[in-house]
Amino acid sequence: MTKKEPQPNWISPMLATLEKKPFFEKGWIFEKKFDGIRCLVFAKGDTIKMYSRNHKLINNTYPEILNALTTLSLKNYIIDGEIVTEEGKLNSFSKLQTRMHRICPTEKMQLTFFIFDLLYFDSRDLRKLPLEERKKHLKHLLKFNKVARFCSHRLTNGRAFYQQVTKQGFEGVIAKRKDSTYKSKRTRDWLKFKAVNDDDFIIGGFTKPQGARKGFGALLVGFYQKGKLRYAGKVGTGFSEEVLMLLSKKLEKLTSKKSYFTDSIKEKNVTYVKPKLVAKIAFTERTKDKKLRHPSFLGLRSDK
């Protein structure tokens, strides 16, 4: 066991690297990839603080999770996990939008917090311990419930697990080295294999709405390549009326007279915005010039 140390006030999360082809080697564990919001919990005595991955306090946004954490039977700890909601049997990031941005903060929603790592407990920093050992402590020390749940994993049959997950329609699989320590950065000790195409893109502008549509017509999105914002295309589907109005208000505050895209934009009736907002976009594929085919808006990333 590690020596006693003061509890940190903040720990930046460990991030997985996207890997195109899944592999199933020995020495790795495999977890289901959730489609939700990363959450780190810092509990000290009776005080519990929930933070997003970019250090935003989210206690008031997810009171159901906060209430569930009070029954975990451990007083001083730091845990890492993912908040999700379901639509049918699948996680729904778009459904989670109504809670993330407090459009309907009183709306009842079935939320689950899947806890996959224990970073600190009983005055001991566990980040230098192997992941497999941290997971064992996590499973045996916390008293889980229907809302705050242990994130299970596979040590063998990773290929069958990946096939099962993709067949069920989930996002994919996270592979983690069982002997890896917890590092506050993106690392290849944790890898993610996606079963569906989606990614995060920067919003750089929007078009005027047509017909009865309110707010805006489509988003112009891009990605950074060697420090330059490249244009990836426009996204005009996937918006509810509530999200259209919420996003419109955010975009109006960021309007710009100039384009931040390095590519020439040929769209008409475009209003450019400062590249401050990140959107999660689903798509069928990318063309040779990196444009998105059949893109659809999944949600605004308030945690990035």
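Colleague: Why is Phe206 called buried?

Modeller: Phe206 has 6% relative accessibility. Buried means under 20% relative accessible area, exposed over 50%, and partly exposed in between, with a 1.4 Å probe and protein chains only. The 6% of Phe206 falls under that limit, so Phe206 counts as buried. This is a predicted model, in which local features need pLDDT of at least 70 and side-chain atom pairs count only at pLDDT 80 or more, while totals for chains, interfaces and linings use all residues. Residues are numbered from 1 along each chain as its sequence is written, and side-chain values use heavy atoms, with hydrogens and water left out.

Colleague: Where is Phe206 placed, and which residues is Phe206 in contact with?

Modeller: Phe206 belongs to strand S12. Helices (H or I, at least four residues) and strands (E, at least two) are DSSP runs, numbered from the N terminus. Contact means heavy atoms within 4.5 Å. Setting aside neighbours within four places in sequence, the contacts of Phe206 include Phe216, Ala218, Leu219 and Leu220. Also among them are Leu251, Glu252, Thr255, Asn269, Val270, Thr271 and Val273. By contrast, Lys146 is 60 residues from Phe206 in sequence and 41 Å from it in space, C-alpha to C-alpha.

Colleague: What makes S12 and S16 a pair?

Modeller: Strand S12 covers residues 198-207 and strand S16 covers residues 270-273, with three bridges between them. Two strands pair if DSSP finds at least two bridges between them. Three bridges meet that requirement, so S12 and S16 are paired, and they run antiparallel. Within this pairing, Thr207 stands opposite Val270 of S16.

Colleague: How do you know that S15 pairs with S16?

Modeller: Strand S15 (residues 255-256) is joined to S16 by two bridges, again antiparallel. The rule asks for at least two, so the pair qualifies. Thr255 has Val273 in S16 as its bridge partner.

Colleague: Which strands pair with S13?

Modeller: S12 is joined to S13 by four bridges, and S13 to strand S14 (residues 228-235) by seven. Both pairings run antiparallel. Gly205 has Leu220 in S13 as its partner, and Tyr224 has Leu229 in S14. S13 and S14 form a hairpin with two residues between them, and Lys226 in the turn has a positive phi of about 55°.

Colleague: What makes S13 mostly covered?

Modeller: Strand S13 spans residues 219-225, and five of its seven residues are buried. Helix H2, residues 93-100, is mostly covered too, with six of its eight residues buried. Those in H2 are Phe93, Leu96, Gln97, Thr98, Arg99 and Met100.

Colleague: How do you know whether Asp35 is buried or exposed?

Modeller: Asp35 has 11% relative accessibility, which is under 20%, so Asp35 counts as buried. Asp35 is in the loop between strand S2 (28-33) and strand S3 (37-44). Not counting residues up to four places away in sequence, Asp35 touches Glu82, Val84, Asn91, Ser92, Phe93, Glu171 and Lys280.

Colleague: What about Phe34: why is Phe34 buried?

Modeller: Phe34 has a relative accessible area of 11%, under the limit, and is therefore buried. Phe34 is also in the loop between S2 and S3. With residues up to four places away left out, Phe34 touches Glu82, Val84, Asn91, Phe114, Cys151 and Glu171.

Colleague: Why does the radius of gyration agree with a compact globule?

Modeller: The radius is taken over C-alpha atoms, and the globule rule is 2.2 Å times the number of residues to the power 0.38. With 304 residues, the rule gives a value near 19 Å, and the protein has 20 Å, which agrees. The C-alpha trace spans about 60 × 40 × 35 Å along its principal axes. There are five helices and 20 strands in the protein, and buried residues make up 49% of the 304. Of the contacts between residues at least 6 apart in sequence, 68% join residues at least 24 apart.
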